[in-house]
Amino acid sequence: MESATQKLKNSILYLAFLYAVLYLLHTFILHKLLIGNQPLRVKKNPDRPLRFRSDGTFKILQVADLHYGNGAVTRCRDVLESDFKYCSDLNSTQFLKTMLEAEKPDFIAFTGDNIFGSSATDAAESLLKAFGPAMESRIPWAAVLGNHDQESTMNREELMFFLSLMDYSVAQTNPPAEDFSNIDKGGRKKHIDGFGNYNVRVYGPPGSHLANSSILNLFFLDSGDRETVQGHRTYGWIKESQLHWLRGFGQAFHQGQKQNLDHSHDALIPTSPPALVFFHIPIPEIPQLFYQKYVGQFQEAVACSRVNSGVLQTLVALKDVKAVFMGHDHTNDFCGNLDGIWFCYGGGFGYHGYGKAGWPRRARVISLELGKGKKDWTGVQRIKTWKHLDDGKLSKIDEQVLWEWQSPR
Ligand SMILES: *[C@@H]1O[C@H](CO)[C@@H](O)[C@H](O)[C@H]1NC(C)=O
Ligand SMILES: *[C@@H]1O[C@H](CO)[C@@H](O)[C@H](O)[C@H]1NC(C)=O
């Protein structure tokens with residue numbers, strides 16, 4: 001039989017052991033986590049999944065062509081003579097802060113040429129400054145690359161990896177290995193071209209019957225930088241491997257969503273949620289819009305690739321894509337419709353990117369509203385967009401409805 005003293009001895013030994021373990025952990029492990037006596041910075045993550053607000057809205061700010069350089073010392077381009085002296089990257093920073101305050105978006109989408117590589121001495125420093133207001137705002141954000149981001153000290157893979165690790169970013173370098181849609185018939189993970197191809201799902205409002213359903217899909221694609229095709233220099237394009245991933249994703253999503261809906265009694269929920277797509281370089285069909293009706297301004301030749309890889313056909317076949325948001329051509333800011341899908345430019349945002357003196361820098365807002373049924377939300381009902389000018393009054397222009405849910409007949 002164990003005596004009371006024996007028990008006490010055991011307890012003391014146990015406590016001593018515990019203390020020793022904690023001490024060792026503290027000295028050896030924590031010590032390793034300290035870099036230059038600074039505690040290791042861990043990425044701050046937004047609450048996941050992303051959700052519509054309780055009032056049934058979700059608002060996205062598109063920032064196209066921020067073109068950040070080194071900050072205060074990087075001069076503005078194409079501003080009025082009188083504005084030139086006191087204008088730098090900090091004006092882009094201020095515009096971003098102003099937009100975040102004014103619109104209070106739920107999500108920020110940066111559509112490439114976030115930094116202007118050739119003006120950024122250190123890519124990491126430039127990225128931290130460029131995305132500073134987004135990180136400080138704690139609003140979840142994502143980014144794709146343009147054709148200029150990699151012209152500094154990081155290649156495209158490093159840039160996307162860095163972006164994915166920044167505070168409140170939901171950007172990914174590429175789809176995760178377990179992504180079911182990216183496995184070929186032999187069960188191998190397929191190579192996917194580029195860096196920054198990923199999907200972000202947005203769920204229904206907290207506490208609603210859509211709280212556990214993905215009701216909006218956001219797709220981000222890498223449209224590349226520059227390529228040489230048969231001796232001609234041209235812009236990059238979205239490759240077949242990326243479109244394959246997108247198609248696979250669409251199919252898998254439809255199947256999964258159908259199963260979920262079999263258990264639902266609310267017939268008003270659309271069978272598949274609408275999708276929005278974000279990439280940098282316009283597709284080769286965009287020039288056709290010049291001869292059609294568009295909302296906004298078409299002021300410069302579309303700098304698209306010579307290669308048409310069938311992006312439009314793929315997006316149309318997916319059926320859920322309602323709108324695409326692009327950048328690249330800073331003085332085009334229009335939305336035009338191709339085969340039922342809206343293609344919208346953000347319009348140049350950053351002051352170090354080329355522009356047009358006297359034509360204010362601008363930003364696009366995308367606003368989504370849920371429909372209200374008898375008892376609860378019915379799914380995305382309406383997608384609207386408008387722009388704001390950095391003209392001192394933050395003028396709101398070109399508001400339009402991009403898509404409205406029609407009950408199936
Ligand atoms: C840039 O910012 C400075 C300082 O706030 C301001 O005085 C100037 O008017 C801005 N320039 C432009 C073109 O917005
Ligand atoms: C969503 O999931 C949570 C956690 O599993 C559960 O408590 C809640 O009832 C679910 N809501 C709906 C509407 O299914």
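Two strands pair if DSSP finds at least two bridges between them. Helices (H or I, at least four residues) and strands (E, at least two) are DSSP runs, numbered from the N terminus.

## Model and conventions

This is a predicted model: local features need pLDDT of at least 70, side-chain atom pairs count only at pLDDT 80 or more, and totals for chains, interfaces and linings use all residues. Residues are numbered from 1 along each chain as its sequence is written, while chains are lettered from A and ligands numbered from 1 in the order in which they are written.

## Strand β15 and its partners

Strand β13 (residues 321-326) runs parallel to β15 and is joined to it by four bridges. Strand β14 (residues 335-338) also pairs with β15 over four bridges, but in the antiparallel sense. Cysteine 344 in β15 has phenylalanine 325 opposite. Cysteine 335 also stands opposite cysteine 344.

β14 and β15 make a hairpin with two residues between them. In that turn, aspartate 339 has a positive phi of about 50 degrees. A residue is buried if 20 or more other C-beta atoms lie within 10 Å of its own, exposed if 12 or fewer, and partly exposed in between, with C-beta atoms placed from the backbone. Four of the five residues of β15 (residues 341-345) are buried, so the strand is largely enclosed by the rest of the structure.

## Chain and core

The chain has eight helices and 18 strands. Of its 409 residues, 42% are buried. Two residues are in contact if their C-beta atoms, placed from the backbone, lie within 7 Å. Among contacts between residues at least 6 apart in sequence, 70% join residues at least 24 apart.

A nonpolar core is a set of buried Ala, Val, Leu, Ile, Met, Phe, Trp, Tyr and Cys residues joined through C-beta atoms within 7 Å. The largest one has 87 residues. Val63, Val277 and Phe278 have the most contacts inside it. Leaving aside residues up to four places away in sequence, valine 277 touches Phe219, Leu221, Leu315, Val321 and Val324.

## Glutamine 292

Glutamine 292 sits in the loop between β11 (275-278) and β12 (294-295). Glutamine 292 is exposed, with 10 other C-beta atoms within 10 Å.

## Ligand 1

Val79, Asp83, Tyr86, Cys87 and Asn91 are around ligand 1, each with its C-beta atom, placed from the backbone, within 6 Å of the ligand.
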